[in-house]
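Thank you all for coming. Please take a moment to look at the sequence and the model on the screen, and then I will walk you through a few of the contacts.

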Amino acid sequence: MSNPAASTTPAPTPVTHTAPIIAVIGNPNTGKSTLFNALTGLKQKTANYPGVTVERHTGSITLEGREVCLVDLPGTYSLAAQSPDEVVAIDVLLGHVEDLARPRAILIVADATNLRRNLFLATQLAELGLPLVLALNMLDVAAENGVQLDPQRLAVRLDATVVPVVATSGKGLPELRAALAEAVRKPPRPRLVVLPEVHQAAVALAARVAAAGHSLDAYEVERALIDAHGVAERRFEYATSPELMAELADLRMRLSAGSSLAAIEAKARYQLIDGIIREVEVRAPPKVTLREHLDRITNQPVVGSVLFVLVMATVFQAVFSWATPLMDLIEAFTAWAGETVRAALPPGALSSLLVDGAIAGVGSVVVFLPQILILFAFIILLEDTGYMPRVAFLIDRLMRLCGLSGKSFIPMLSSFACAVPGIMATRVIPERRDRLATILAAPFMTCSARLPVYALLIGAFVPDQRYFGGLVNLQGLVLLGLYLLGIFAGIGTALLMKRTALRGPTPTFLIELPPYRLPNWRSVALRLLERGRIFLVRAGTVIFFVAVMVWALAYFPKDAGVAQRFDTARATAMATLPEGEQREAALRDIRNQEIAANMEASYLGRIGKFVAPAFAPLGWDWKVSAAVIAGFPAREVVVAILGTIYAVGDDVQADDDALAERLRDATWPDGRAVYTLPMVLGLLVFYAFCLQCAATIAMIRRETNGWGWPAFAWVYMTGLAYLSAMLVYQLGS
């Protein structure tokens, strides 16, 4: 093979677009997101690329009076695409995204402390023929490590504009803006060619592909030629003919002489990179820094495990305790808004729709926002400081027992607050089978929406017995058991799927351990705001719609006979009881009895009675069945529905003694107790397993790009919940 050379083959002319596009790309852990946030600020949008579940982050920036669109591409080490994120990055760079013009320039974000590794991707991008701007980030850390770089010489060797920056402090941003403005005006640059013979063969083959009526860029053909069995080759096979596919295979064999073109390319590329490094980089003898001391300590098995437990305990304490004041404040505001609207409108369907449907529906979503924001704040901080990759590395061996890798741990952890962000976090998993297995396991983690149901049933039916001098509480042990039950069910599901429908090898787990560093607080705040907005828009709309649906089922139809009967009872109480607390209590009880009677006559009550025979093997009556049915879209409504059904009022809390007493007193027509201990334990197991969350189902549909896997998840988890609850009840009885 010849030495690397520059080719005069021009890149395809970029598509004309009103706002020029600059693609922002780099290796993971180079500070790309921090730099993107520093450049765009609040002028960002998040959407999905058409037809896939990969998020697209775009931001507008004004350069010399002209608006330019920055597209933040997923972090990648190479253009040899394997994961969906990498495929999207290549599609954007080649202009294959249907609603996005081809970039006019590329902004490469490189880690100055490890330039050799970053140049592998940079030299691949130089083969696209687009103007390049290289942001040499983390120069402060490089200087601490004794690394000196020559940006001017590097710019000459790469035929690119090189700008030293420190994204966390904003140093170099004005110079970077000027370089980007100039890059947008530049014409296409000559393409770098690492393997001239392969490049020439790919250009000739691309011409024959075009003559046959197929549309593939010469760069795509070259990648298909080099990356055997990769995404580029599969696309070539899909887009062309068997004859051209056979020609590709023969050409690869001839050029590689029986070896691997990918290995030949890597060797040639690193020869080029090593030559550049010798000219532009000077390294002082290595010295042990405070970061390295910290890394050595925290990566020790015992110390690392203890630190991991302490960090996770802090995260859970924050999610479940620190959020409480804010959640109480939101609940109080929701109650005040509801009472204000109720007082301003006459009783009727409109008042009930606004108060019990709209306001309660919005409140049931917003109340979880503090937990979501606190969880994501920790995740972002752990990622930006460099600790999260170490957690994934530490937990990898445990995850491998169920056929997954350490990358599945973070989504599973996120699901303890809410399965929605947990499922969203599976995008870091490159292999589709492992991503699906993690998505199916995530909803088993005990989310915060299950806690009110657990608190109600455990508080009402599990004795408050204490052991070891009062240090251990039986109710707490039951709650811990339910958490462990969800964890084991999730891990078991992942193991089952990896042994059956998603059979495949356990993925190789390679992860870079970046140096510890302080986070950029502005970037943290921007990402946190974006996560909160995504949660409210995507999850909130679904739950709001479901809350209104549940309200309609519980409100209609109205039975005139019920209203007449309780109007008579109210009149009797007013006439016979003296004014005071006794009369108020009697009127309140009559009101609650009327609500319960209306509930029984409503569509929801009728549905409960209709499905009651199906749930009879679990020991449920129609009231329990109705509450469970109402809770399928969102568990958050279960306690309120139980309160309404049992005539306590629809504003009860999980620890309400009146509701617990009504549950304990509930009986069948023959006088037998409905809530026996076996039935309650079965009901708890049912809630531990069942998929009762429309937002989670919608998120699974979004991440899998179809309804097949959401339907399977719902049937599988509901079936497992039903059979487990029936087994517990029947054996216990």
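Let me begin with a term: a salt bridge here is a side-chain nitrogen of Lys or Arg within 4 Å of a carboxyl oxygen of Asp or Glu. What we are looking at is a predicted model, and a search of the whole structure finds 26 salt bridges.

One of them joins the side chains of Asp217 and Arg191, with 3.8 Å from N to O. Asp217 sits in the loop between α7 and α8, while Arg191 sits in the loop between α6 and β10, so this pair ties together parts that are 26 residues apart in sequence. Both Asp217 and Arg191 are buried.

Another salt bridge links Asp227 with Arg223, whose closest N and O atoms are 3.0 Å apart. Asp227 counts as buried because its relative accessibility is 12%, and Arg223 is buried as well, with a relative accessible area of 5%. These two residues also belong to a network of salt bridges that includes Glu127, Glu265 and Arg269.

Now, where do we find a salt bridge whose partners are not buried? Arg672 and Asp670 form a salt bridge, with 2.8 Å between the closest N and O atoms; Arg672 is partly exposed at 46% relative accessibility, whereas Asp670, at 53%, counts as exposed.

Finally, let us turn to a nonpolar surface patch of about 640 Å², with Tyr467 and Phe468 among its members. Helix α22 gives the largest share of this patch, 4 residues. Leu484, another patch member, lies in helix α22 and is partly exposed at 37% relative accessibility.

Key
Residues numbered from 1 in each chain as written. Predicted model: local features only at pLDDT ≥ 70, side-chain atom pairs only at ≥ 80, totals over all residues. Heavy atoms only, no water. Patch = residues over 30% accessible without salt bridge, like charges linked within 9 Å, V, L, I, M, F, W, Y side chains within 5 Å. Areas by Shrake-Rupley, 256 points an atom, 1.4 Å probe, with all protein chains shown as cover. Helix = DSSP H or I, 4+ residues; strand = E, 2+ residues; numbered from the N terminus. Buried < 20%, exposed > 50% of the residue type's maximum accessible area, 1.4 Å probe, protein only.
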